[in-house]
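Reader: I would like to go through the contacts and strands of this model. Please show it, and I will ask as we go.

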Amino acid sequence: MGAERTPLRWAFVNKDPTLDPDLLHIYIDGWCRHDIDVVLAALADDCEVIESHGPVHRGRDQVGRWMRSWLATGGQVREWRITDSGAAGDLLVAEWEITRRWRGEESSFQGATICRTLGGRISYLREYAGRLAP
């Protein structure tokens, strides 16, 4: 999926002393392993997760229902590779490439995730997606 490049990791003044700069990596790894417990443990109880194509999931319980439903209907994350990431203040960001299987079709695309943390968990997460470069 695209040209290989060395990931850049950066950090600035941290507004959230409980911020784990790897928290977004943990969230994405949970999706890769189809591990609902890992994904939910990364999220605040009252989180908001916005998918790149629009749906909004509010609260950890709703995110859990979405993930269980997606996996139960054959959704699979084949690969979700972070190509660049960083942390600043209470923000975590990552650029990534994903290959997934959904409704019998495999697709690959690039994207980015921006999230805010509070109390050591992700309180807001928004994904943006685009096409893979040819």
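Reader: Which residue does the side chain of Ser-85 join in a polar contact of 3.0 Å?

Author: In this predicted model, Ser-85 belongs to strand β4 (strands are DSSP runs of E with at least two residues, numbered from the N terminus). Ser-85 has a relative accessible area of 6%, which makes this residue buried (buried is under 20%, exposed over 50%, partly exposed in between, with a 1.4 Å probe and protein chains only). A polar contact is an N or O pair within 3.5 Å, one atom able to donate a hydrogen and the other to accept it, with sequence neighbours counted only if both atoms are side-chain atoms. The contact at Ser-85 is 3.0 Å, and the partner side chain is that of His-25.

Reader: Which pLDDT do side-chain atom pairs need before they count?

Author: Numbering runs from 1 along each chain as its sequence is written, and side-chain values use heavy atoms, without hydrogens or water. The model is predicted, so totals for chains, interfaces and linings use all residues, local features need pLDDT of at least 70, and side-chain atom pairs count only at pLDDT 80 or more.

Reader: How many salt bridges are there?

Author: The rule asks for a side-chain nitrogen of Lys or Arg within 4 Å of a carboxyl oxygen of Asp or Glu. Asp-29, Arg-33 and Asp-35 are linked by such bridges in a network. The count by this rule is 7.

Reader: Why does the salt bridge between Arg-78 and Glu-106 tie together separate parts of the sequence?

Author: The closest N and O atoms of Arg-78 and Glu-106 are 3.2 Å apart. Arg-78 is in strand β4 (residues 76-88) and Glu-106 is in strand β6 (residues 105-118), so this pair ties together parts separated in sequence by 28 residues.

Reader: Are Arg-78 and Glu-106 buried, partly exposed or exposed?

Author: Arg-78 has a relative accessibility of 45%, which counts as partly exposed. Glu-106 has a relative accessible area of 45% and is likewise partly exposed.

Reader: Which residue in strand β5 pairs with Arg-81?

Author: Arg-81 makes a salt bridge to Glu-97, with the closest N and O atoms 2.7 Å apart. This pair links distant parts of the chain, 16 residues apart: Arg-81 is in strand β4, and the residue in strand β5 (residues 91-102) is Glu-97.

Reader: Is Glu-97 buried or exposed?

Author: The value that decides this is a relative accessibility of 5%, at which Glu-97 counts as buried. Its partner in the salt bridge is Arg-81. Glu-97 is therefore classed as buried.

Reader: How many residues apart in sequence are Arg-116 and Asp-90?

Author: Arg-116, partly exposed at 40% relative accessibility, forms a salt bridge with Asp-90, and their closest N and O atoms are 3.1 Å apart. Arg-116 is in strand β6 and Asp-90 is in the loop between β4 and β5, so the parts tied together are separated by 26 residues.

Reader: Which residue in the hairpin of β5 and β6 takes a positive phi?

Author: β5 and β6 are antiparallel and joined by 12 bridges. Across this pairing, Trp-96 is opposite Gly-111, and Glu-95 is opposite Ala-112. With 2 residues between the strands, the hairpin has a positive phi near 55° at Arg-103.

Reader: Which residue does this in the hairpin of β6 and β7?

Author: Here 9 bridges join the antiparallel strands β6 and β7. Leu-118 is bridged to Arg-121 in β7. The hairpin has 2 residues between the strands, and the positive phi, near 65°, belongs to Gly-119.

Definitions and conventions:
Helices (H or I, at least four residues) and strands (E, at least two) are DSSP runs, numbered from the N terminus. Two strands pair if DSSP finds at least two bridges between them.
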